[in-house]
Amino acid sequence: NAEIARYARRYTDRVTIIPTVVDVQRYIPKDSYDLSPDGIARVAWIGTSVTAQHLLSHQGAFRSLALRRPFTLECIGVGDDFRIPGVVVRAIPWSAGTEAELLRSCDVGVMPLPNNDFAKGKSGLKIIQYLSAGLPVLASAVGANCDIINEGHSGLLSRSIEDFRIKLDRLLAERDLRAELGIAGRNVAMQKFSLQSHIDRFAEIVA
């Protein structure tokens, strides 16, 4: 990403940014943006038990929102012992064979991050996975997230924990906004972050 490229250019001018990509064809995009009949939204987060600390950095926002709106936090890739007090959390084992369909079954994808050097160096993979599945995305305005998401078009960016809560509340409340962002995001994933769109460039650079 741009943050890592800036660091590398301190030592060489032979730096090329190739963004993280996914095989978009593995992801069947959502075909409905209605919530389930019980009105309980499903908020997706995918990662590992190590990076789950980034979810905890925003646990206050999730707790506050849970007091006013029903939702489950679908945490793909965390351990069974992962908890956020006051929030309904479902810990789901990660599998390459199930991740695409699990994401498609959710209503919103999130990527909260603290504003530190480690977070600025992250690739934004989970955002690209959400976009590929047609999920509307909310992410912290940190590092590569700002390069991937066109604010208000292909997703929403938050600049504080309270801003994150407000925007997640809005996404869960507004079906048309979820559809607009989800459909636009899928198109962005296909055009800019698919394996197919970058494979020739990668081969040319390393040849």
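What is the volume of the largest pocket? In this predicted model, the largest pocket has a volume of about 200 Å³.

**View 1. Lining of the largest pocket.** The lining consists of 13 residues, and I46, G47, L125, K126 and Q129 lie nearest the centre of the pocket. Helix α6, spanning residues 125-132, gives the most to this lining, with three residues.

**View 2. The salt bridge between R42 and E74.** A search of the whole structure finds 14 salt bridges. In one of them, the side chains of R42 and E74 meet at 3.2 Å, N to O. R42 belongs to strand β1 (residues 41-46) and E74 to strand β2 (residues 71-76), so the pair ties together parts that are 32 residues apart in sequence. R42 is partly exposed at 23% relative accessibility, whereas E74 is buried, with a relative accessible area of 2%.

**View 3. The salt bridge between D169 and R69.** The closest N and O atoms of this pair are 2.6 Å apart. D169 lies in helix α8 (residues 161-173) and R69 in the loop between α3 (59-66) and β2, which places the two 100 residues apart. D169 is buried, with a relative accessible area of 9%; R69 counts as partly exposed at 22%.

**View 4. The salt bridge between K167 and E151.** Here the closest N and O atoms are 3.4 Å apart. K167 is in helix α8, while E151 is in the loop between α7 (145-148) and β6 (156-158), 16 residues apart. K167 counts as buried at 16% relative accessibility, and E151 is partly exposed at 34%.

Key. Residues numbered from 1 in each chain as written. Predicted model: local features only at pLDDT ≥ 70, side-chain atom pairs only at ≥ 80, totals over all residues. Heavy atoms only, no water. 1 Å grid on protein atoms, 1.4 Å probe; cavity = no way out; pocket = protein on both sides within 12 Å on 5 of 7 lines; lining within 4 Å. Points joined across faces, edges and corners; volume = space filled by probe spheres on them. Helix = DSSP H or I, 4+ residues; strand = E, 2+ residues; numbered from the N terminus. Salt bridge = Lys/Arg side-chain N within 4 Å of Asp/Glu carboxyl O. Buried < 20%, exposed > 50% of the residue type's maximum accessible area, 1.4 Å probe, protein only.
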